[in-house]
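Open the model in your viewer and keep the selection tool at hand.

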Amino acid sequence: MPVEITWWGHATCTVEDSGVRLLTDPLFTRRLAHLRRRRGALPPPEAALADVVLVSHLHADHLHLPSLARLTAGTRLLVPRGARRAVPGLARIAGVRSLRVTEVSPGDEVVIRDGVHIRAVTARHDGRRLPFGPQLSPALGYVVHGTSTTYFAGDTGLFDSMAEEVGAVDVALLPVGGWGPYLGPGHLDAARAADALAALAPTAAVPVHYGTYWPIGMDAVRPHEFHAPGEEFVRRAARLAPKVAVRAPEHGERVLLP
């Protein structure tokens, strides 16, 4: 059975596999601190419906408490180990919404139901709660094993053991940009994401983490850094990994991948 991916913007995707609906790094807001949603309508209420939510790290654009508060009571939530200690609001929301929170570290596996399990993997990224949070939790990626195998990279830089740790995958959701005119360490731009794609060699890939949020007042500052990463990734992927089917959906678009 193919896997269905809906990209809601930034790092937020719905992954549907084997009757399980997973949601990555939910961010359902028009404005976050100095960031404003510049492209794509806000996701509809059904975007918050999920059996399992995967949170890659503690940055507020990935672990966004008001967005988690929209989840249905009883939703299962996988977060980096130490997240509840580092972000006290997470425990409060989990209690109010009856969310079932499981903390994981790289290498941990969580069985969702027969035939579907999730493995946490390493991400090279400063995943602490900024601006002053201590380094209590690792940044993570997740590999969803169902009928297909889907890798959600979260936020990460390229590292030598990525392909070995992730293993064989059918679909890769790779970050290709960010929310500002410059990317610091621990990120993939379109070029490095294409290098990662060539190493991972999945059957299909979707670029994420670009073209959604941009700092207020910086619309004219290096705008190509906001608009171009998805298209640039598609071009570079065609050269470096020509056997991989790359789809760059619009915001809210659902794609069916082999």
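**Stop 1: the cavity**

The count comes to 1 cavity of 30 Å³ or more. A cavity here is a set of points on a 1 Å grid over the protein atoms alone where a 1.4 Å probe fits but cannot get out. This is a predicted model: local features need pLDDT of at least 70, side-chain atom pairs count only at pLDDT 80 or more, and totals for chains, interfaces and linings use all residues. Residues are numbered from 1 along each chain as its sequence is written, and side-chain values use heavy atoms, with hydrogens and water left out.

The largest cavity holds about 40 Å³ of space; volume is the space filled by probe spheres set on the points, joined across faces, edges and corners.

Select its lining (residues with an atom within 4 Å of a point): Val15, Leu22, Thr24, Leu54, Val144, Thr150, Tyr151, Phe152 and Leu173. Colour them by class: 7 are nonpolar, 2 polar and none charged. Tyr counts as nonpolar in this scheme.

Now show strands S3 (20-24) and S12 (149-152). Each supplies at least two lining residues. S12 gives the largest share, 3 residues. Strands are DSSP runs (E, at least two residues), numbered from the N terminus.

**Stop 2: the open sheet**

Next, select S4, S5 and S15. They form an open sheet of 3 strands in the order S4-S5-S15, with antiparallel pairing. S4 (31-32) and S15 (213-215) are the edges: each has a single partner strand, so one side of each lacks a neighbour in the sheet.

Zoom in on S4 and S5 (residues 35-37). 2 bridges join these antiparallel strands; pairing requires at least two DSSP bridges. Finish at Arg31, which stands opposite Arg36 in S5.

Key: 1 Å grid on protein atoms, 1.4 Å probe; cavity = no way out; pocket = protein on both sides within 12 Å on 5 of 7 lines; lining within 4 Å. Helix = DSSP H or I, 4+ residues; strand = E, 2+ residues; numbered from the N terminus.
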